[in-house]
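Please look over the sequence and the 3D structure shown here before reading on. The briefing that follows goes through chains, interfaces and charged pairs.

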Amino acid sequence: MAIYAYLVAGYLILIGCFGIIRSRHLVHAVVCLSIAQAGTYVLLIAIGYQAGGASAPVFGSTTKPNKHVVDPVVQAMALTDIVVSATVTALLLALAIQINKRQGTVDPDELAALKG
Amino acid sequence: MTVLVAVALTVVALAGTAVVLADAPERQAVTLAVFGVTLVVLFVVLQAPDVALSELGIGTAIVPLMVMLTIRTMWKDRQQRERREDRRSEGDA
Amino acid sequence: MTRPARLIIFLLGGGVVAVAFVLATLDLPHFGSDHHPYRDLSVPAAVQHGTANVVSAVNFDQRAIDTFGEESILIASVVGAAALLRPSREETERRVPDLGRTLESTRLIGYVLLPITLVLGMDVVAHGGTTPGGGFQGGVILATGLHLLYVVGSYPALDRLRPVVPFEIADGAGAASFAVVGLIGLGSTGAFLGNFLPFGQFGQILSTGTVQVLSGVVGVEVVGGMVVLLSSFFEQEIAVRPEDR
């Protein structure tokens, strides 16, 4: 059970990819990509976790600076990643809107321009 | 690993599966917001309040809003396309 | 490639990836272990620079160059999405009538919560160095709070309250200010994005040096970016119509 958190993260990444290849709608594919990204956040935060009563890496009047905290570096990585991935998702959705306007369909199997 | 962490991880995995298996994108918008909330609970339990704040604003409010706006724009564009094609075929006939 | 073929290839490839992933995680330090070398190095460094929120210290002080790259991605994606959603030559924008079908209680809650949310967002940005928060989180809260006006049913009010051009300017100015603060740091401490402001008493707002300044700058940029993004989507959905020929 010591690796359950990492397995959940890997499961989220794989099920996101499964959703992308099985999707019939471009917006559905973009949302599944979002799920796969969430899997990477869970992996990062799980790597930084310390069991046994470690607190968050924020000190104040009740928590004097000490070393019994969870890892702050992976949290910093995950939090900027979340905000930036939202804007990249917006870019993909804007592409999907334009594809719908020009081609009339958003089914990946029917998009004529992508055929070789 | 405590029971709380294990339960939070399992709920996140179930919510993620629900989002992927929902076929219509308009249903995915709401399930995506629920998935965001389960992720926030997981991050708080894993002692990451900054990441939880970030995910709360983005995953529950902004991304589902953009998904719904995209779907409505696509409906509207599709309707207008059909209306234009009907008018064109009426003009030919 | 047909759908069944794609599925079979994915199952084969996904199976290999899953097996490799499980084997790799068996070698990682187990979940909740004590072995965190980055934490042992970064917590004392943050305390030495007077920052109580170690995550903000890592974001804006120790690894500020990574944050510089991330906020460049942010502004680039916002510019790309806004360019894609610009009304083309064949489309015009029309005036939107005021939709008046929301409940009175929804409107009341929305109007009461709007100033509270804005103040809360600014508080989260301002206290980024000392409590959980910072530029990214506070910017998202501010941008979402502004759109409460849309929830209470009044798109014209939202349109009046957020003229898009000042937010575009705020987005660009925020990104540029980050680089300017970095260059000032280069001039005074010899390292790009070096921490050059004085450190005060641990736990006060102004004690963190450039962490506070960079957090505020990023907050301005995130608000600008998110509002421009959401306004492009709103315009496409509500206002843009093809010209009737």
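In which helix of chain B does Val12(B) lie? Val12(B) is part of helix α1 of chain B, which covers residues 3-21; helices (H or I, at least four residues) and strands (E, at least two) are DSSP runs numbered from the N terminus. This is a predicted model, in which local features need pLDDT of at least 70 and side-chain atom pairs count only at pLDDT 80 or more, while totals for chains, interfaces and linings use all residues. Residues are numbered from 1 along each chain as its sequence is written, chains are lettered from A and ligands numbered from 1 in the order in which they are written, and side-chain values use heavy atoms, with hydrogens and water left out.

**Val12(B) and its surroundings**

- Val12(B) counts as buried, at 0% relative accessibility; buried means under 20% relative accessible area, exposed over 50%, and partly exposed in between (1.4 Å probe, protein chains only).
- Leaving aside residues up to four places away in sequence, Val12(B) touches Leu12(A), Phe35(B), Thr38(B), Leu39(B) and Leu42(B), where contact means heavy atoms within 4.5 Å.
- Val12(B) and Arg81(B) stand 69 residues apart in sequence, and their C-alpha atoms are 40 Å apart in space.

**Chain B against chain A**

- In this interface, 40 residues of chain B are in contact with 43 residues of chain A.
- The size of an interface is often given as the accessible area lost when the parts come together.
- Chain B and chain A bury about 3600 Å² between them, with 76% of it on carbon and sulfur atoms; buried area is the accessible area (1.4 Å probe) that two parts lose on being put together, summed over both.
- On the chain B side, Val20(B), Gln47(B) and Met74(B) lose the most area to chain A, together 16% of what that side buries.
- The rule finds twelve residue pairs in polar contact across the interface of chain B and chain A (both at pLDDT 80 or more). A polar contact is a pair of N or O atoms within 3.5 Å; within protein, one must be able to donate a hydrogen and the other to accept it, and residues adjacent in sequence count only if both atoms are side-chain atoms.
- Two or more residues each come from α1, α2 (25-45) and α3 (49-92) of chain B on the side that touches chain A.
- Of these elements, α3(B) gives the most, with 16 residues.
- By class, this side of chain B has 26 nonpolar, eight polar and six charged residues. Ala, Val, Leu, Ile, Met, Phe, Trp, Tyr, Cys and Pro count as nonpolar, Asp, Glu, Lys and Arg as charged, and the others, Gly among them, as polar.

**Chain C on its own**

- Chain C has ten helices and two strands.
- From the N terminus on, the order of elements in chain C is α-α-α-α-β-α-α-α-α-α-α-β.
- Of the 245 residues of chain C, 44% count as buried.

**Chain C against chain A**

- Here 54 residues of chain C are in contact with 50 residues of chain A.
- Chain C and chain A bury about 4700 Å² between them, 71% of it on carbon and sulfur atoms.
- Across this interface, 15 residue pairs are in polar contact (both at pLDDT 80 or more).
- The elements of chain C that give two or more residues to the side touching chain A include α1 (3-25) and α10 (210-239).
- The largest share of that side, ten residues, comes from α1(C).
- The residues of that side divide into 32 nonpolar, 15 polar and seven charged.

**Salt bridges**

- Side chains of opposite charge can pair when their charged atoms come close.
- Over all chains the count is five salt bridges, a salt bridge being a side-chain nitrogen of Lys or Arg within 4 Å of a carboxyl oxygen of Asp or Glu.
- Between chain C and chain A there are two salt bridges, while between chain B and chain A the count is zero.
- Arg6(C) forms a salt bridge with Asp109(A), with the closest N and O atoms 2.6 Å apart.
- Arg6(C) lies in helix α1 of chain C and Asp109(A) in the segment after α3 (72-103) of chain A, so this pair joins two chains.
- Arg3(C) also meets Asp109(A) in a salt bridge, at 3.3 Å from N to O.
- Within chain C, Arg39(C) and Asp40(C) meet in a salt bridge at 3.5 Å, N to O; Arg39(C) is buried at 6% relative accessibility, whereas Asp40(C) is partly exposed at 30%.
- Asp66(C) and Arg63(C) form a salt bridge at 3.1 Å, N to O.
- Salt bridges that share partners join Asp109(A), Arg3(C) and Arg6(C) into one network.
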